Amino acid sequence: MSFSDIPVDVGPVYEGERIRANQMYVELGGPKIEKHFELVKVRDAKQIKDGEVILKGPDLKDMEEGSRYPIGILVEVAGKQLEEDLEAVFERRIHEFCNFINGVMHLNQRYTNWMRISKTAVAKGFNSFKMLGQVLIRLFKAELPIIEQAQVTIITDEKEIEKPYEMAMETYSKRDERALGLHDEDVDMFYGCVLCQSFAPTHVCCITPDRTSLCGSINWFDARAAAKVDPKGPIFEIPPGECLNKLAGEYTGINETMKKRSLGELSRVYLYSGMEYPHTSCGCFEAIDFYIPEVNGHGIIDRSHEGVAINGLPFSAMANQTGGGKQMPGFNGISIQYIISPKYQQYDGGISTVVWMGKSVKERVYDFLPEDIRDKIATQEEVAELSELKQWLIEHDHPIVKTWKEEVEEEEEEEAYAEEAGAMIPIGTQALTIPGAGGMGGFKIILKNCKIHAEAIIIKKLEPKKKKK
Ligand code: SF4
């Protein structure tokens, strides 16, 4: 495979390249553009022309520097061994292959895809989407030899993208619906994915029927098909082994695999918890489940959310806190599909602990939420200020309110006991994550086998000392 006709370098070494706003020539898709997508479809060999790149809309060289356009990438593939189940897994490789190009940055997937082309790449002559299409065709055929033929269509026109966008959205829904009826206890094999280790070297996705990959693009069926055709590839089998904790979703096989594939960073993972041994997050998650300590509940925000969430942080600030392949209690990258699973964070209390959702996420999952809870979850339209959330939850009889009473009773009991015994309160091992104020990093306090007695704890932000003149 040669890229000698492409004016910029192409190779895995460029994965992870960042292109900042002041370095970009154009931006394609992303949160500021309404309709954009990327899709792979398996076709009959007669339906496509191998090696063909079709462009609908303005080409890169016709775009004004600093501008934004829609982007649709449709990769149609054919091959004797290909089946529809493989489409989603092939589709995820668009992210990887685009990032092989020096001067191209690709983020996310499906209808959240977001690209930037650098000024340097365009100056070197990478000025046509036909080149991008050619790179994709060559990489798809070389890296996945079961693909015998490939054709790429790139759409950058607002009108032209409408129909294919609808087709893509229908395809995604069909894939997601298929995964709905299957649960973790119905299968004897789970799957892992390490495709995102180029960005987050210790991140490993565990894909089960109830826990679709956090990027939302690979469900259990897709992972099974991928591991079957390429068992040594980035998507692989995880025999679950013994179930150590059903509620938490802890399995010996998952723990062992996580340790091996995360360079020793992880040793325990609770599939159904965002608070204890949570699943790691790379950077591609569709949404974030975040803890709201003020009401002992959880919020969910997705990428399309404009402005800040109920905790005062925008998606981007929370994404920095969440991603990177570390276990972050209180911030958990998730797929939209996982929210509607009956196992959704069940170790933490499940869907009935969700008190606030961004409007766009709520609209997407509303019909699938339990009837007795869905109207008790606020969005930014009902409650925009954290100080008003408590009262709103009381007025709407949200089940989280009961936990406040239980907590107060427990605390009172403990205090009474401690006073009576003149003893300090043993609190075992606790991990508390305190989100950073104003979008800063935050910090974690781990207390191991300690006894604490305090009249009060005061946490103050230290301002840097001013230099003396
Ligand atoms: S988010 Fe997970 S499943 Fe999706 S591509 Fe990355 S590692 Fe694979």
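In the predicted model, the buried residues of helix α5 are W220, F221, D222, A223, A225, A226 and A227. The helix spans residues 220-229 and is mostly covered, with 7 of its 10 residues buried. Several elements contribute to this cover. Among them are the helices α1 (87-99) and α4 (162-180). Strands β9 (190-193), β10 (205-207) and β11 (235-238) also cover buried residues of α5.

The largest nonpolar core comprises 121 residues. Within this core, L136, M318 and V355 have the most contacts. Helix α3 (residues 129-143) gives the most to the core, contributing 8 residues. Residues come from both domain 1 (12-176) and domain 2 (178-375), so the core lies between the two domains. In soluble globular proteins, nonpolar side chains tend to be buried together. The contacts of M318 were examined individually. Neighbours within four places in sequence were left aside. On that basis, M318 is in contact with I288, F290, I301, A309, L313 and F331.

Backbone geometry was considered next. Most residues other than glycine have a negative phi. R110 is not a glycine, yet its phi is positive, at about 45°. R110 sits in the loop between β6 (104-107) and β7 (114-118). R110 counts as buried because it has 21 C-beta neighbours inside 10 Å, and the cut-off for burial is 20 or more. L263, also not a glycine, has a positive phi of about 60°. The loop between α6 (252-261) and β14 (287-292) holds L263. L263 is exposed, because 12 other C-beta atoms lie within 10 Å and the limit for exposure is 12 or fewer.

Key: Residues numbered from 1 in each chain as written. Predicted model: local features only at pLDDT ≥ 70, side-chain atom pairs only at ≥ 80, totals over all residues. Helix = DSSP H or I, 4+ residues; strand = E, 2+ residues; numbered from the N terminus. Contact = placed C-beta atoms within 7 Å. Core = buried A, V, L, I, M, F, W, Y, C linked by C-beta atoms within 7 Å. Domains from an automatic or database assignment.
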